[in-house]
Amino acid sequence: MDSDDYDLPEPIRALRKTMTRTLRNFDSAGEDQVLSDASTLHSDDDENNANFDPPARERPADGKWPQRECLSFTRSLVFYGNGSITAEHEEAARYIEEARTMRKKYYVGHGVQSLLENNKLNRYSSCNSGDSDVLGKEKTVTFDETCEKRIDDKIPRATVSHQQLEYVLGQDGVVEIYESSDFRRTNNLVKVPSLSTFVDDYQRLVEMASSGVMRSFSFQRLQMLDSAFKMHVTINGASENEAKSDLLGTDFYRTMKIDNHIHLAAAATAKQFVAFVRDKLENESDTVVIEDGQTLKEVFAKAGLDSDHLTIDAFNVLADYSVYQRFDNFNSKYSPFKMAQMRKIFLKTDNHIDGRYFAELTKIVLARHEQRKGHTSAAEMRLSVYGMESNEWLLLAKWVLRDWQGGIYPGNMLSSRNRWLVQIPRLWRVYCKKGGGISFQTMLENLFCPLFEATLHPEQHPEVAELLNNIVGIDSVDDEGCLEAPLTCEKPASWTQDDNPAYCWQLYYLWANIEVLNRVRKSKGLNTLAFRPHAGETGDTMHLAATYMLCRSINHGINLDKQVSLQYLYYLDQQVGLSISPLSNNFLFRKIRANPFPKLFKRGLNVTLSTDDPLLFHMSDDALLEEYSVARASFDLSMTDMSEIARNSVLQSGFEAHLKEEWLGKNFRKGLTHCDEDKTHVPLIRAKYRAEHLALEHLMVTLLAAGKGKMVLQQMMHQFGEARNGIRDILFSNMTEVPSFPEQNQL
């Protein structure tokens, strides 16, 4: 497989393999070259004896599509007349190819220089296999290209001797990796593109995305995708429904749905939270919960609260009109009765009771997923690390891994139905007030040095090392609308002013250090961490340009409807998933009637639904099902749409490959058409529609970027004429008397 196609679905990779030959054919044959059609008409004899084969999932090995009665979607003719493809379109396509190259440079890693993959020092010793024969021998670990593997996902735990590699946080804010024998630190084993290079690339992407030619071309293509989906549903909606009814043994409720974006502090609904607090006040009122010795009963009494105040309204946690466009008011909703002390007692991991109440409440939330109450679901919850202290990772690890006794569900905080992400709030404006000559470099040191220590020296940091084995991604959170400094090439060590650094600047340093960490962990046979930040919820639309370059997927992304160039790029690169939360958006930044979710979904972007903060936004016990139900009613979604959105949630998730095979089918990596419809409940006709349109868009962009616009137009005009004549021949050859109708002479 060509490394340039690393991030493409299988149908597009197959398409790319034939691209060079296609271009040569265009050059040699010109307008007489006819692209083969996806199906042909049967003769009368063939029709009488035909076997009604289902649509092929991909082009057969011999390159010939099978003859069949049923097409996968409506191949309606779109007439491209003279002048409908211009030199501007070709220029826009070249911009698009350049932008996609930038994503490969950063996210895919083509711009990263790493000597670790082939490092001769990379010798593994198994920690738990019990097989002495593997000690000291080189070991090859195969990594799935679409999902990061956890250490317990059918690969042995492995460590590299801490004598072999060492790290240092460089003066440019990025960790450097050296062999222990490299005393002079002359050969950094992992080099990422520099900040100045990133800034130049980012500004170039912003320039291209803002250009008139790229905006016009992207708008045109997105409008055509809109029309194509409407036509598909109009013509094939009944066929999709019939196909769904034939998928026996499963339905929407039994297919897996993953809540990809949920913050742990607000994972319980208000109803669950109030019930939990009432239980603790009734049964543990004498528990000391504050450092000064106050019991839970005394804390409530001092605040003038008793059991009569334990109502959802009195807790005042549900979002209302006061939080719209007010992130500060929104954050205050996390504190019951508007008391920060209550938040610390019940919703923090670091307090006088070591976060026990928070652990027990979390287990109640997880139990609903584990017990499959109402429907099949899972979650990817966020824990917070702020970077304000060097021991935050250790404290968090102890909370997650602790064997909690008591409560309804004893044990640690690991669950078969949840995968942890760690969110890093962009709170430099708060951290800088600590004083003492700190810089942004200090925050980066607190965030990343413990991770490299645990990766290179797991025997010295067993808790953090084990926590990393159970984390699938890193998130970056905060109000994107906050005032931020202009994007510059200033180094973190010299950033001491109170101003928040630019969003893109902060994301670069998170990405760069995560990338280096992943290279080290991958070389040791360990799981890697996906970068999945919040982006495009509010603030500067061009934040989405930075996440396009750097990230696997994002949370929110609703500002994409304001920038068609970026929207089309996110469509072409389907791996960039968007986990959107319409109910959260409705209260905070975008009323549900104006939410772009249905538009993005219909056009074919990789979008799914998530809850964000059930404590603040949801009324029922099952927040995820509530999110889907509201979306279905608000956006007029069919049950096929609902199943497709649920399937996208699994594809976006960091769950292990063997679980995705269980939920999507063993061949899901090959592309959408290879997902098992008996597991996803998405009919093949819908999957074929999505896959073929995506492949055709890539085909169009590639040919236009290569300067073949004129030939593409000639072929389209030629094909339209051939199809028109073919249908005309059927009419006149099968009817002895053709009735007269208007404009018949046009045929």
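How many bridges join strand 9 to strand 10, and do these strands run parallel or antiparallel? The legends below concern a predicted model, and the first view takes up this point.

View 1. Strand 9 (residues 420-425) and strand 10 (residues 471-477) are joined by 6 bridges and run parallel. Within this pairing, valine 422 has isoleucine 474 of strand 10 opposite to it. Both strands belong to an open sheet of 5 strands, whose order is 7-8-9-10-11 and whose pairing is parallel. The edges are formed by strand 7 (257-263) and strand 11 (530-531); each has a single partner strand, so one side of each is left without a neighbour in the sheet. Strands of a sheet pair through backbone hydrogen bonds.

**View 2. The nonpolar cores.** The largest nonpolar core comprises 180 residues, and Ile177, Phe198, Phe300 and Phe346 are those with the most contacts inside it. Helix 17 (residues 503-523) supplies the largest share of this core, namely 13 residues. In soluble globular proteins, nonpolar side chains tend to be buried together.

**View 3. The surroundings of phenylalanine 346.** When residues up to four places away in sequence are not counted, phenylalanine 346 touches Phe273, Phe276, Val277, Lys280, Leu296, Phe300, Tyr357 and Phe358. Phenylalanine 276 lies in helix 7 (residues 270-283) and phenylalanine 346 in helix 11 (residues 340-347), so the pair ties together parts that are 70 residues apart in sequence. Phenylalanine 276 has a relative accessible area of 6% and is therefore buried, the cut-off being under 20%. Phenylalanine 346 likewise counts as buried, at 1% relative accessibility.

**View 4. An aromatic pair between helices 15 and 17.** The ring centres of phenylalanine 440 and tryptophan 505 are 5.0 Å apart and the planes stand at 70 degrees, so this pair is edge-to-face. Phenylalanine 440 in helix 15 and tryptophan 505 in helix 17 are 65 residues apart, and the pair thus links distant parts of the chain. Phenylalanine 440 is buried, with a relative accessible area of 3%, and tryptophan 505 is buried with 1%. Both residues belong to one aromatic cluster, which also includes Tyr106, Phe198, Tyr202 and Trp428. Across the whole structure, a search finds 29 aromatic pairs.

**View 5. Helix 15 and its kink.** Helix 15 (residues 440-456) has 17 residues, which at 1.5 Å a residue should span 24 Å; the C-alpha atoms at its ends are 24 Å apart, in agreement with this expectation. At phenylalanine 448 the helix has a kink of about 35 degrees, shortly before proline 450. Helix 15 is mostly covered, with 14 of its 17 residues buried.

**View 6. Arginine 724 in helix 28.** Arginine 724 is placed in helix 28 (residues 709-734). Its relative accessible area is 34%, so arginine 724 is partly exposed. Apart from neighbours within four places in sequence, arginine 724 is in contact with Gln746 and Leu747. The C-alpha atoms of arginine 724 and glutamine 746 are separated by 9.9 Å, and these residues are 22 residues apart along the chain.

Conventions: Residues numbered from 1 in each chain as written. Predicted model: local features only at pLDDT ≥ 70, side-chain atom pairs only at ≥ 80, totals over all residues. Heavy atoms only, no water. Pairing = 2+ DSSP bridges. Helix = DSSP H or I, 4+ residues; strand = E, 2+ residues; numbered from the N terminus. Core = buried A, V, L, I, M, F, W, Y, C linked by side-chain atoms within 4.5 Å. Buried < 20%, exposed > 50% of the residue type's maximum accessible area, 1.4 Å probe, protein only. Contact = heavy atoms within 4.5 Å. Expected span 1.5 Å × (residues − 1). Bend = angle between axes of the 7 residues up to and from the residue. Phe/Tyr/Trp six-rings, centres within 6.5 Å; stacked < 30°, edge-to-face > 60°.
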